[in-house]
Amino acid sequence: MPCLQTFTRALARPAGPAMRHLQPSSTAVSLPSIQRQLYSSKHPKGFEPPTAEELEELRDRAQEFTRRVITKEVAANTDKSDAFPNEIWPKLGEAGFLGITVDEDIGGLGMGYQAHSVVMEEISRASGSIGLSYAVHSQVCVNQLQLNGSPEQKKKHLPGLIAGTSIGALAMSESGAGSDVVSMRTTAKAVNGGYLINGSKMWITNGPDADLIIVFAKTRPDAGSKGITAFLVEAKTEGFSCARKLDKMGMRGSNTGELMFDNVFVPTGHVLGMVNDGVRLLMEGLDLERIVFSAGPLGIMQAAFDVAAAYSHQRKQFGQPIAHNQLIQGKLADMYTKLQASRAYTYATAKHLDEQGVIRTQDCAGSILYAAERATECSLDCIQLLGGMGYVEEMPASRLLRDAKLYEIGAGTSEIRRMVIGRVFNKEYANA
Ligand SMILES: Cc1cc2nc3c(=O)[nH]c(=O)nc-3n(C[C@H](O)[C@H](O)[C@H](O)COP(=O)(O)OP(=O)(O)OC[C@H]3O[C@@H](n4cnc5c(N)ncnc54)[C@H](O)[C@@H]3O)c2cc1C
């Protein structure tokens, strides 16, 4: 296999002046200086939004990567064996894909959320489950650390995570605290020099393989949302264990675990952000995560369209390709339209964040709400278009459906996303 070339922004930049300045699009509103500074808090220092050419180049690189590394066989085997192909982590690192939103001086690409969505889409097109583990590592864990880690924490953990030599996860959910995550029962009790964590976490992506886990625990159990803190927990710490790997209907190979914390000591220096400020990290993280995660269903929808369009033009019944029937054309047209509409919403939301530095909670929730439900519909259509071949595991259609469904549940369910959007309007119209 040829050596993978690391993607750097310099490679994608057109020749010309070294410094590129953002040209606001005709619809962009010019922002007061105070608001402009906002994007630096969600982006690496000196961030410049990527150009369309840079994003196109990155997409080409991601496609070239998936063609070579995440082949159809790798995707099918990952699903069948329900085991993550761990050799892929350092290859993702070598390609530059594990630190897309991270400072360039620490080894990241410093390219922002549109770029991360592009790579997430292409990886998910090749394999939904590898895409899920990828996004949890590179966005949910790495980007939290990038945004909230101290210089020492970043220096210690980011190089390994970006290189793919260590694996990251984030643990907020518990068996009794899913949608109502603030009701979590895991505690972190202050002791001499740090905290003792006790409790358990459920459904943690990459949990069985992770070296570093961002863990949310109650530092003031009586203070509700104001008493939760995020900690960096190394899996090698005494008292930490993965009780079991969960056997899932889809996203097989993206290893999901139940994690146990039995008097796990973490030094004070392992607090991520500020003590009792964990809910802010969690909620802001969820907004950003929803943008990048919404590229997961985009990739799955594209994969469903790829399979359905090719099959329906090859498969002949009644003497002609089935795609020459209007009912089949209608299904393909619906799949294509849903994909394009979802894609437009996701990338518009990511572009808004990259170029204006503003997180629009309703659009972060809206992009993934819309894309996830359309992906389930498109993968069902794909199965129907393939007839009997859609129902057997020789073709990827059933895997696409099983993988797509997760996006209506993980990172907040469809119902919770609708609630989040509704609450924004309740605030906006409070005095109407
Ligand atoms: C494969 C997978 C990977 C995951 N990875 C991670 C991870 O890496 N880290 C992590 O912390 N968590 C992870 N999760 C957990 C995920 O975030 C939760 O499953 C999700 O938030 C839903 O919580 P729950 O499963 O407890 O469902 P519940 O909260 O019990 O919800 C059950 C049903 O009730 C509905 N419901 C609940 N409350 C309301 C309400 N107020 N109004 C209307 N309907 C409501 C829900 O929408 C849902 O349909 C993962 C889950 C899965 C399945």
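**Strands, domains and a ligand**

Author: Let's start with Val 191, which lies in strand S2 (residues 187-191). Helices and strands here are DSSP runs (helices are H or I with at least four residues, strands are E with at least two), numbered from the N terminus. The model is a predicted one, where local features need pLDDT of at least 70, side-chain atom pairs count only at pLDDT 80 or more, and totals for chains, interfaces and linings use all residues. Residues are numbered from 1 along each chain as its sequence is written.

Reader: Ok, so is Val 191 buried or exposed?
Author: Val 191 counts as exposed because it has 12 C-beta neighbours inside 10 Å. The cut-offs go like this: buried means 20 or more other C-beta atoms within 10 Å of a residue's own, exposed means 12 or fewer, and partly exposed is in between, with C-beta atoms placed from the backbone.

Reader: And how far is Val 191 from Thr 268, in sequence and in space?
Author: They are 77 residues apart in sequence, and 9.4 Å apart in space, C-alpha to C-alpha.

Reader: What does Leu 196 touch?
Author: Leaving out residues up to four places away in sequence, Leu 196 touches Lys 189, Val 191, Asn 263, Val 264 and Phe 265. Contact means that two C-beta atoms, placed from the backbone, lie within 7 Å. Leu 196 itself sits in strand S3, and it counts as partly exposed because it has 17 C-beta neighbours inside 10 Å. Leu 196 and Asp 262 are 66 residues apart in sequence but 8.4 Å apart in space, C-alpha to C-alpha.

Reader: Switching topic: which domains does the chain have?
Author: The assignment gives domain 1 (52-166), domain 2 (171-275) and domain 3 (279-430). Those bounds come from an automatic or database domain assignment.

Reader: How many residues of domain 2 and domain 3 are in contact?
Author: 12 residues of domain 2 are in contact with nine residues of domain 3. On the domain 2 side that touches domain 3, there are eight nonpolar residues, four polar and no charged. For those classes, Ala, Val, Leu, Ile, Met, Phe, Trp, Tyr, Cys and Pro are nonpolar, Asp, Glu, Lys and Arg are charged, and the others, Gly among them, are polar. The centres of domain 2 and domain 3, taken over C-alpha atoms, are separated by 30 Å.

Reader: What does UniProt list for residues 169-264?
Author: The UniProt record, an unreviewed entry, has "domain: Acyl-CoA oxidase/dehydrogenase middle" there. UniProt positions are in the numbering used here, feature names are shortened, and annotations may be inferred rather than shown by experiment. In the model, that span is 0% helix and 51% strand. For residues 276-423, UniProt gives "domain: Acyl-CoA dehydrogenase/oxidase C-terminal" (unreviewed entry), a span that is 77% helix and 3% strand.

Reader: Now the ligand. Which residues come nearest?
Author: Out of 23 residues around the ligand, Ser 173, Gly 178, Ser 179, Thr 413 and Glu 415 come nearest. A residue counts as near if its C-beta atom, placed from the backbone, lies within 6 Å of the molecule or strand in question. By class, the shell has 13 nonpolar, eight polar and two charged residues.

Reader: Which elements and domains supply that shell?
Author: Strand S1 (168-171), strand S3 (194-205) and helix H14 (414-428) each supply at least two residues. Domain 2 and domain 3 each give at least three residues to the shell.

Reader: Back to helices. How many residues of H13 are buried?
Author: Eight of the 10 residues in helix H13 (residues 397-406) are buried, so the helix is mostly covered, going by those cut-offs. Among them are Leu 400, Leu 401 and Asp 403. The buried residues of H13 pack against helix H5 (72-81), helix H8 (128-148), helix H10 (278-314) and helix H12 (361-386).

Reader: And what span should H11 have?
Author: At 1.5 Å a residue, the 31 residues of helix H11 (residues 326-356) should span 45 Å, and the end C-alpha atoms are 44 Å apart, which agrees. The expected span is 1.5 Å times one less than the number of residues. Just after H11, Gly 357 takes a positive phi of about 70 degrees.

Reader: What about the phi of Met 251?
Author: Phi of Met 251 is near 50 degrees, a positive value in a residue other than glycine. Met 251 is in the loop between strand S6 (240-245) and strand S7 (256-267), and it counts as buried because it has 28 C-beta neighbours inside 10 Å.
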